Amino acid sequence: MSKKSPLVVANWKLNGGTDLIAASVASIRNLNFNARIGIAPPYVYISGLVNVLRNSSIMVGSQNISKFESGAFTGETSAQMLKEVGCDFCLIGHSERRQVFLENNQSCRTKVERALVAGVMPIVCIGENLQQYELGLTRDILYRQLHQTLDGLDLTGETLCIAYEPVWAIGTGKAASPEVVAEVHEFIYQELDAILGSAANEVNILYGGSVKKDNAAELLAINHVDGLLVGGASLDPEHFAQICAAANQVES
């Protein structure tokens, strides 16, 4: 099976500012990438980043969206609002949203529906924590996350991505081994095939969890690893540019 064109997404989390925007744009906007590149800054910087990247191929996204369309929900930002300011994609169900803000599979499903209606590409984050991993529950956890989020959705003509992020590897500097990544991504693909049929072939499955310039190429060489979700390393513009360069070497 030929590789898909990779997608590399920077998740700045609660970091960054105008200086990081300027440095990041300077490091990557004029590079000739075959891979797709996206940046998800904090909400308040989305419009500014959209403006400075307007004539480039780099996508801008959100780290989260509201499960509500509108109403008396202080502090929420809807999918339609994000679309209007220029968001191309949004992260949904990141492990930190699940752990800290108690998001669950049902709320993630609602958010996927909202994003699709608004024309914002959902990147659905799934993954197991350390205790679940050590108990051998990885497949059980991922199965529920995938099926409870996607079963029965009409995804005809829609674009969707999945990001596998082993929670025990996020921010720890310890990425999952290539063998583990290969096994898990194969499992995710098979479940997507069961849910989506042939449309599963169009879904990029990203790996996230202590991705660095030193392991990017090795990760991208694994079957069904169709891109990377980059956290801490994306806050160093030159480091992130090298990860993007590794993705650019993948032959589709």
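Colleague: Which residues does Asn15 touch, leaving out those up to four places away in sequence?
Modeller: Keep in mind that this is a predicted model. Asn15 is found in the loop between β1 and α1, and with a relative accessible area of 34% Asn15 is partly exposed. Not counting residues up to four places away in sequence, Asn15 touches Pro42 and Leu235.

Colleague: And how far apart are the C-alpha atoms of Asn15 and Gly93?
Modeller: Along the chain, Asn15 and Gly93 are 78 residues apart.

Colleague: What is the phi of Lys13?
Modeller: Lys13 lies in the loop between β1 (7-11) and α1 (18-28). Lys13 is not a glycine, yet its phi is positive, at about 55 degrees.

Colleague: Where does His224 lie, and what phi does it have?
Modeller: You'll find His224 in the loop between α9 (216-220) and β8 (227-230). At 5% relative accessibility, His224 counts as buried, because the cut-off for that is under 20%. His224 isn't a glycine either, but its phi is positive, at about 70 degrees.

Colleague: Is Ser24 buried or exposed, and what does it touch?
Modeller: Ser24 has its place in helix α1. Its relative accessible area is 5%, so Ser24 is buried. Setting aside residues up to four places away in sequence, Ser24 touches Trp12 and Pro237.

Colleague: How far is the C-alpha atom of Leu49 from that of Arg97?
Modeller: The two residues, Leu49 and Arg97, sit 48 residues apart along the chain. Between their C-alpha atoms the separation is 23 Å.

Colleague: What does Ser62 touch, not counting residues up to four places away in sequence?
Modeller: Ser62 is found in strand β3, residues 59-62. Its relative accessible area is 1%, so Ser62 is buried. Its partners are Ala40, Tyr43, Ile46, Leu82, Cys87, Phe89, Cys90 and Leu91.

Colleague: What separates the C-alpha atoms of Ser62 and Gln190?
Modeller: Along the chain, Ser62 and Gln190 are 128 residues apart. Their C-alpha atoms are separated by 28 Å.

Colleague: Which residues does Thr138 touch, again not counting residues up to four places away in sequence?
Modeller: Thr138 has its place in helix α7, residues 138-150. At 11% relative accessibility, Thr138 counts as buried. Its partners are Glu128, Gln132, Tyr133, Tyr164 and Val184.

Colleague: How many disulfides does the count come to?
Modeller: A pair of cysteine sulfur atoms has to be within 2.5 Å to qualify. By this rule the count comes to 0 disulfides.

Colleague: Which cysteine sulfur is nearest to that of Cys125, and how far away is it?
Modeller: Cys125 is buried, with a relative accessible area of 0%. Cys125 is in no disulfide, because a pair needs its sulfur atoms within 2.5 Å. The nearest cysteine sulfur is that of Cys108, at 8.4 Å.

Colleague: And how far away is the nearest cysteine sulfur for Cys161?
Modeller: Cys161 is buried too, with a relative accessible area of 1%. Cys161 is in no disulfide. The nearest cysteine sulfur is that of Cys125, and the distance is 10 Å.

Colleague: What share of the contacts between residues at least 6 apart in sequence join residues at least 24 apart?
Modeller: Some background on the chain: its C-alpha trace spans about 45 × 45 × 35 Å along its principal axes, and buried residues make up 54% of its 252 residues. As for those contacts, the share is 73%.

Colleague: How far apart are the mean positions of the positive and negative charges?
Modeller: The chain exposes about 11,500 Å², with carbon and sulfur atoms supplying 48% of it. There are 18 positive and 27 negative charges. Their mean positions are separated by 4 Å.

Technical notes:
Residues are numbered from 1 along each chain as its sequence is written. This is a predicted model: local features need pLDDT of at least 70, side-chain atom pairs count only at pLDDT 80 or more; totals for chains, interfaces and linings use all residues. Side-chain values use heavy atoms; hydrogens and water are left out. Buried means under 20% relative accessible area, exposed over 50%, partly exposed in between (1.4 Å probe, protein chains only). Contact means heavy atoms within 4.5 Å. Accessible areas come from the Shrake-Rupley method with a 1.4 Å probe; for residues, only the protein chains shown count as cover. Lys and Arg count as positive and Asp and Glu as negative; His and the chain ends are not counted. The place of a charge is taken as NZ of Lys, CZ of Arg, CG of Asp or CD of Glu. Helices (H or I, at least four residues) and strands (E, at least two) are DSSP runs, numbered from the N terminus.
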